[in-house]
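Subject: Model for you to look at

Hi,

Here is the model I promised to pass on. Could you open it and read my notes alongside?

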Amino acid sequence: MILMALGKGLYVANAVSFRSELQPMAPHSIGSSSPSRQKDLVFVVNPLGANGRTGKEWRKLVPYLRSRLGKECNICESLTSGPCHAIDITREAIREGADSVIAVGGDGTLHEVVNGFFWAGKPVVNQMKESTNSTALGLIPLGTGSDFARTFGWKNDPHEAIERVARGLRSRIDAGVITGENCDHHYFINVADIHLSAKAGFYASRYKRFGNLCYVIGALQAFIGHQNQDLRIRFNDGLWETCPQVTALCIGNAKYFGGGMKITPNADPFSRNLQVVILQSFKWYDFVLKLHKLYNGTHLSVKNVSARSVLSIEVEDISGKGGIYIQSDGEHLGFLPKKISILPAAIEMIV
């Protein structure tokens, strides 16, 4: 059986019980050098996602998973036990030569798994010399939000997702990296955003129990006391410029965020660029009147909305007061200043 020692007792216990349920196997470890070695698939499951719905739906999915993949693949399940656990699991799986790490849950679980592909500013590498293949990223959407899946036109259907895993088609996608004053690195594959939308996301995370309604509640709470801010911006390491009265600034590697809002409609995770969309001088009623445009992606023609493709963007708060929120893939990352850059073809993904 596959036992990846992460110092997490829950993980090891769940891996053992799940493996014995699926199929009996000869003892081996991930990345072992057998000519007939089956593919090692590590499923990272957030059982508490979507108020526990993810765990329940996953248990229902296991019989189909067993029948569809069990003969060709070694299947290892890991239930996350808290924040950042999925990052640790992913890094260890890659180091041990797993063929794929598949995020099971919403955009939050996917975000952690993506960050597990990197360590100290560099990609995590397979330490099993016998294996020559890189570890691929997979996704089975089972959470509150699956905005990243929308860019690919994937249905919120776990059986369809398992079929993608079974086919095993791969393609390299871009990722974004966010760095701050302390030189930390944070990665994303969907959308990073700044100011009002990031503040709304911060509040929305408190109301996940209400499903996609959490985004509406978060936005209403974020509007209380909101003020548009002048920001200093530098594109592609060029000259600094002032961008007045910014309401929200979104940087997309993919198209959707906030429960289906097509905020960066021209973003493409294969383009080797990030799309920046800036909303300026918006009032609360602008969002009410133009919300349908934000959801269908036609807002780029609206007054006070601008867009451009970039390799990098740096953003600073001119006021010096601090408190300008930034998030990526719905995860709060603190406050400005930050630099966001593209990492072309950074991750191999099951598509």
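A word on element names before anything else: helices (H or I, at least four residues) and strands (E, at least two) are DSSP runs, numbered from the N terminus. This is a predicted model, so local features need pLDDT of at least 70 and side-chain atom pairs count only at pLDDT 80 or more, while totals for chains, interfaces and linings use all residues. Residues are numbered from 1 along each chain as its sequence is written, and side-chain values use heavy atoms, with hydrogens and water left out.

Threonine 90 sits in helix 3 (residues 85-95). Threonine 90 is buried, at a relative accessible area of 0%; buried means under 20% relative accessible area, exposed over 50%, and partly exposed in between (1.4 Å probe, protein chains only). Leaving aside residues up to four places away in sequence, threonine 90 touches Val44, Val101, Val113, Gly116 and Phe117, where contact means heavy atoms within 4.5 Å.

Next, the salt bridges. I used the rule of a side-chain nitrogen of Lys or Arg within 4 Å of a carboxyl oxygen of Asp or Glu. By this rule there are eleven salt bridges. Three of them are described here.

- Arginine 170 pairs with glutamate 348, with 3.0 Å between the closest N and O atoms. The two come from distant parts of the chain, 178 residues apart: arginine 170 is in strand 7 (residues 170-179) and glutamate 348 in strand 17 (residues 338-350). Arginine 170 is partly exposed at 27% relative accessible area, whereas glutamate 348 is buried at 17%.
- Aspartate 174 and arginine 272 form a salt bridge, at 3.0 Å from N to O. Here too distant parts of the chain are linked, with aspartate 174 in strand 7 and arginine 272 in the loop between strand 11 (240-252) and strand 12 (274-280), 98 residues apart. Aspartate 174 is buried, with a relative accessible area of 0%, and arginine 272 is partly exposed at 34%.
- Lysine 339 meets aspartate 237, the closest N and O atoms being 2.9 Å apart. Lysine 339 lies in strand 17 and aspartate 237 in the loop between strand 10 (229-235) and strand 11, so this pair ties together parts that are 102 residues apart in sequence. Both count as partly exposed: lysine 339 at 22% relative accessibility and aspartate 237 at 47%.

There is also a network: salt bridges that share partners join Asp99, Arg170 and Glu348.

Now for the strands. Two strands pair if DSSP finds at least two bridges between them. Strand 12 is covered along its length, with seven of its seven residues buried. Leu274, Val276, Ile278 and Gln280 are on one side of strand 12, and Gln275, Val277 and Leu279 are on the other. In a regular strand the side chains alternate between the two faces of the sheet. Strand 12 runs antiparallel to strand 11, with six bridges between them, and glycine 252 stands opposite glutamine 275. Another six bridges join strand 12 to strand 13 (residues 305-310), again antiparallel; there, isoleucine 278 has serine 306 as its bridge partner.

Strand 15 (residues 325-328) is buried on both sides: Tyr325 and Gln327 point one way, Ile326 and Ser328 the other. Strand 9 (residues 191-195) pairs with strand 15 in the antiparallel sense over three bridges, and aspartate 193 stands opposite glutamine 327. Strand 15 is also joined to strand 16 (residues 331-335) by three bridges, antiparallel, with serine 328 opposite glutamate 331.

Helix 7 (196-204) has eight of its nine residues buried, among them Leu196, Lys199 and Tyr203. Its buried residues pack against strand 9, helix 8, strand 11, helix 9 (284-296) and strand 15.

Last, the surface. Phe210, Leu213, Val216 and Leu220 form a nonpolar patch with about 380 Å² of accessible area together. Patches are made of residues with over 30% relative accessible area and no salt bridge, like charges being joined within 9 Å and nonpolar side chains (Val, Leu, Ile, Met, Phe, Trp, Tyr) within 5 Å; areas come from the Shrake-Rupley method with a 1.4 Å probe, and for residues only the protein chains shown count as cover. Phenylalanine 210 is in the loop between helix 7 and helix 8 (213-223) and is partly exposed at 42% relative accessibility.

Cheers
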